[in-house]
Amino acid sequence: MLDSERVGGHHVEFTVNGRGYWGYTSIPAPQDLCCFDGLRNRPEEQLVTSVAIHEAGHAVAAFYAQIPVASVEITALPACVRCQAPQVSGRNQGLHLGVGTADDTLRMLAAGVEAELLWAEGQGSVSDAERWAIEVGGIDDQGTARDVVDSLQSKGWPELDYRPPGPVPRSWNWPHQRERARSAARCWWGQIEAVANQLVHCRRLDPAEITTVLNSS
C-alpha cells in the first residue's frame, strides 16, 4: 500500500459486504463516524440527487471522451440502523475501459466525485465531514483507476500517484485528474444536470437513454 505521509493524502480502508476498499481522500476522516451518508446530514431527496449527479458525471465524461457510456442506477437503501440516516447507493453497470485514451479514462473515473462536489458546493457551504464522505464515495473509482494505471506499467507508467501534481503533472497523478475532471464538469454542467434529473426520475438509465438525453440537451 502507498504511504499516506509520502503522498500527502489520507488513507481510507473499509469493507462492505465482504469486499475491501482502499484509497485516499484530500482531508482526514472525521472523528465521529457512524456511516458515510450520515456525515452529510441531508434528507434522502438531496442524497438521491447528489448520487445521480455523481453517476451523470461519469456518463458525460465518457460521452465526451468517446468511451461508450454504461447503464447507471441509483437505489435508496434502508436507513442506517445506528443513526437512522437515509442512505443512497449509485452504480455504474459496466465501465468500458481500454476504449478511450488512458488519460481520458482516468478523467472519466474522477468526474463522479468532482461533479458531486460541485453540486454540494452549489447548495451552500460544505462541511469537511461531507466533503470527506463524498470523496469516499469515489474510492471504488480510485480502485479502477489503479487497475488502469497498473495495466500500463509495461509502457513505463508507475503506480497511481496521489501526491500534489507539481509544475508538470502526469497522467497517472490522481489530484491532477481530479482537477481536469472538475474543470470539465463545469463546462458540461448543463448536460450533467440533464442526465441526473432523468436518473432521479427513472432510477435507472441504459446507454441509449443516456445518449438521447445528451444529444437533446
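Here are some friendly notes on the structure above, which is a predicted model.

1. **The elements.** Read from the N terminus, their order is α-β-β-α-β-β-α-α-α-α-α-β-α. The radius of gyration is 17 Å, close to the 17 Å from the globule rule for 217 residues, so the chain is as compact as a globular protein of that length.

2. **Extent and surface.** If you turn the model along its principal axes, the C-alpha trace spans about 45 × 45 × 35 Å. The accessible surface of the chain is about 10600 Å², and carbon and sulfur atoms contribute 47% of that surface.

3. Of the 217 residues, 47% count as buried. Among contacts in the chain with a separation of 6 or more, 64% come from residues 24 or more positions apart.

4. **Charges.** The chain carries 18 positive and 27 negative side chains. The centres of these two sets lie 3 Å apart.

5. **The hairpin.** Next, look at strand 1 (residues 10-16) and strand 2 (residues 19-25), which pair in the antiparallel sense over 7 bridges. They form a hairpin with 2 residues between them. Valine 16 has arginine 19 in strand 2 as its bridge partner. In the turn, asparagine 17 has a positive phi of about 50°.

6. In general, strands of a sheet pair through backbone hydrogen bonds, in either a parallel or an antiparallel way. Here an open sheet of 3 strands has the order 4-3-5, and the pairing is antiparallel. Strand 4 (87-92) and strand 5 (204-205) stand at the edges, each with a single partner strand, so one side of each has no neighbour in the sheet.

7. **Strands 3 and 4 in detail.** Strand 3 (residues 72-77) is joined to strand 4 by 6 bridges, and the two run antiparallel. To find one of the pairs on screen, pick glutamate 73: the bridge partner of glutamate 73 is arginine 91, in strand 4.

8. Serine 50 belongs to helix 2 (residues 44-64). Is serine 50 buried or exposed? Serine 50 has 0% relative accessibility; buried means under 20%, so serine 50 counts as buried. Leaving aside residues up to four places away in sequence, serine 50 touches Arg40, Glu116 and Trp119.

Definitions and conventions. Residues numbered from 1 in each chain as written. Predicted model: local features only at pLDDT ≥ 70, side-chain atom pairs only at ≥ 80, totals over all residues. Heavy atoms only, no water. Helix = DSSP H or I, 4+ residues; strand = E, 2+ residues; numbered from the N terminus. Rg over C-alpha atoms; globule rule 2.2 N^0.38 Å. Buried < 20%, exposed > 50% of the residue type's maximum accessible area, 1.4 Å probe, protein only. Contact = heavy atoms within 4.5 Å. Areas by Shrake-Rupley, 256 points an atom, 1.4 Å probe, with all protein chains shown as cover. Lys, Arg positive; Asp, Glu negative; His and termini not counted. Charge placed at Lys NZ, Arg CZ, Asp CG, Glu CD. Pairing = 2+ DSSP bridges.
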